[in-house]
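Please open the structure in a viewer and keep the selection panel at hand.

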Amino acid sequence: MSKNKNIPEGKKVCETCNGNGQAVFSCCTGEVVDDDIMMCPKCHEHLGEEDCPDCDGTGHVDMDKEDFTDKIPGLNTIAEAMRDAAKYPD
Ligand SMILES: [Zn+2]
Ligand SMILES: [Zn+2]
């Protein structure tokens, strides 16, 4: 089902919609409904395809965006370590 689109440099295929830009999202859980019947698995309401919010319907997302969010927990850890070091001076 995935179309082969040219991905601009510095971008990668959106994993939420598999690069389609659009997907069927559950009205209850917000998760992608990966099913031919396009029905919400929770309330069984029929759903249509929507623009993917993760990539704004473009099918690709910034590589930097994800790298940046990956770095945040590390920064928090360093901040906590510094706070602990200040709390317990030797
Ligand atoms: Zn997407
Ligand atoms: Zn639902």
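The stops below begin with the whole chain and then turn to single residues.

Begin with the complete model, which is predicted. Of its 90 residues, 11% count as buried. Among contacts between residues at least 6 apart in sequence, 51% join residues at least 24 apart.

Next, select Cys14, Cys17, Ala23, Val24, Phe25, Cys52, Cys55 and Val61; these eight residues form the largest nonpolar core. Within this set, centre the view on Val61. Leaving aside residues up to four places away in sequence, Val61 touches Lys11, Lys12, Cys14, Asp54 and Cys55.

Move to the loop between β1 (11-13) and β2, where Asn18 is found. Asn18 counts as partly exposed because it has 16 C-beta neighbours inside 10 Å. Inspect the backbone here: phi of Asn18 is near 55°, a positive value in a residue other than glycine. Most residues other than glycine have a negative phi.

Continue to the loop between β2 (22-24) and β3 (49-51), and select Asp34. Is Asp34 buried or exposed? Asp34 counts as exposed, because 11 C-beta neighbours lie inside 10 Å.

Finally, select His44, which is found in the loop between β2 and β3. His44 is exposed, with 9 other C-beta atoms within 10 Å. Phi of His44 is near 60°, a positive value in a residue other than glycine.

Methods
Residues are numbered from 1 along each chain as its sequence is written. Chains are lettered from A and ligands numbered from 1 in the order in which they are written. This is a predicted model: local features need pLDDT of at least 70, side-chain atom pairs count only at pLDDT 80 or more; totals for chains, interfaces and linings use all residues. Helices (H or I, at least four residues) and strands (E, at least two) are DSSP runs, numbered from the N terminus. A residue is buried if 20 or more other C-beta atoms lie within 10 Å of its own, exposed if 12 or fewer, and partly exposed in between; C-beta atoms are placed from the backbone. Two residues are in contact if their C-beta atoms, placed from the backbone, lie within 7 Å. A nonpolar core is a set of buried Ala, Val, Leu, Ile, Met, Phe, Trp, Tyr and Cys residues joined through C-beta atoms within 7 Å.
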